[in-house]
Amino acid sequence: MYIATTIEELRGRLSASKRPAFVPTMGNLHDGHIALIRQARTLGDATVASIFVNRLQFLPHEDFDTYPRTWDSDCEKLRAAGCDVLFAPTEKVLYPEPQTCKVHPDPALADMLEGHFRPGFFIGVCTVVMKLFQCVQPRVAVFGKKDYQQLMTIRHMVRQFALPIEIAGSETFRADDGLALSSRNGYLSKDERAEAVQLSKALRAMAEAVRAGETDLAAIEARAMQTLAQRGWQPDYLVLRRRADLREPTPGSQGEPLVALAAARLGSTRLIDNLEIEAVSAS
């Protein structure tokens, strides 16, 4: 695996590649990231990963300074997975001057849910992803579905700017008990880790209610919020949204594909998850 720390090194290494496949990460890699790398290997002629903890997407009170940096372990995992090139720029390389030009995604998509609870988050995400795209110049990029709203926002950005990049979504990688893998799972205590599976269970209960024909979606959402709150969680949202645009389903729209999305804090750790729900025919 070749490690490039400058844009010039990266472009030189990829100059002969016709279809680079790219996986951007912030490091602290787990099996979910490695699944993205393996998927990328099937989609391009050179597999590229990046490790960059992006200051722009952290709010002032969030964990930028303490976000886990696990360089040696990350490199070992990427090599074992067959990654060809790792781009690991410093802040000075990627942001040599203050990044005053930023990508502001469509607020109709980016200001709800995660964007509501983390204002400016998707501006930071889209700005760094756009910059990484310009550095790597991939023809395909792979993002995990665990960050469902992020995946949709990046797809929208790529479409709006007519970027010649295919955005591939990868299914959420879960532990045996159903917990979605996340770098922030490492913040959980032993007891919190045992409790954390309740988030995916809440999503499954929401999906089962929809499949059973329950049409009062607000009641389903309220029940899920209450269930987690009673267990000591601090939920931000547990909602049912249209898969096409993350908007609230309209009355009488039974039969369209939905997605259940959740974000909740367990102790000091904020977890997110989602579950796609296949279309249910109206009876």
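1. The model is predicted: local features need pLDDT of at least 70, side-chain atom pairs count only at pLDDT 80 or more, and totals for chains, interfaces and linings use all residues. Residues are numbered from 1 along each chain as its sequence is written, and side-chain values use heavy atoms, leaving out hydrogens and water.

2. A compact globule of 283 residues would have a radius of gyration near 19 Å, and the 19 Å of the protein chain agrees with this. The radius is taken over C-alpha atoms, and the globule rule is 2.2 Å times the number of residues to the power 0.38.

3. Of the 283 residues, 50% count as buried (under 20% relative accessible area, 1.4 Å probe, protein chains only).

4. The largest nonpolar core has 34 residues; Leu-10, Phe-87, Val-129, Phe-133, Phe-143, Ile-154 and Ile-167 touch the most other members. Such a core is a set of buried Ala, Val, Leu, Ile, Met, Phe, Trp, Tyr and Cys residues joined through side-chain atoms within 4.5 Å. Helix H7 (121-136) is among the elements giving two or more residues to this core, and H7 gives the most, with 11 residues. Helices are DSSP runs (H or I, at least four residues), numbered from the N terminus.

5. A second, separate core of 24 residues includes Leu-238, Ala-260, Leu-266 and Leu-271.
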